[in-house]
Amino acid sequence: MNKRTAGVMFCLIAGELFAIRYIVVALFMSGVSSWNAMNFAAGLEYQGNGLIICSIISLAVGVLYLVLS
């Protein structure tokens, strides 16, 4: 696998991790009787920052690989 392919794959992983963050919160909040922005923000806080940090790191590595290729 060359650097360009690895860079694209890391960028794809970053996008998936970013989307999974919101999907996880939506599944976690599926039992809530009423939806609003404050409830969703509270769900995001409860979920933590792990996925967003991994997404940013993966995006940085992907862009670095693309620049180096």
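Where is the place of Val61? I found Val61 in helix 3, and I note that helices are DSSP runs of H or I with at least four residues, strands runs of E with at least two, numbered from the N terminus. A reminder to myself: this is a predicted model, where local features need pLDDT of at least 70, side-chain atom pairs count only at pLDDT 80 or more, and totals for chains, interfaces and linings use all residues. Residues are numbered from 1 along each chain as its sequence is written, and side-chain values use heavy atoms, with hydrogens and water left out.

I then looked up the cover of Val61: it is partly exposed, at 27% relative accessibility. Buried means under 20% relative accessible area, exposed over 50%, and partly exposed in between, with a 1.4 Å probe and protein chains only. From Val61 I went to Ala19, 42 residues apart along the chain, and the C-alpha atoms are separated by 18 Å.

Next came Ser55, which lies in helix 3, residues 50–68. Is Ser55 buried or exposed? Ser55 is buried, at 7% relative accessible area. Leaving out residues up to four places away in sequence, I see Ser55 touching Ala14, Leu17 and Phe18 (contact means heavy atoms within 4.5 Å).

Last, I stepped back to the whole protein. I count 3 helices and 0 strands. The C-alpha trace spans about 50 × 15 × 15 Å along its principal axes. Of the 69 residues, 20% count as buried. Among contacts with a separation of 6 or more, 67% join residues 24 or more positions apart.
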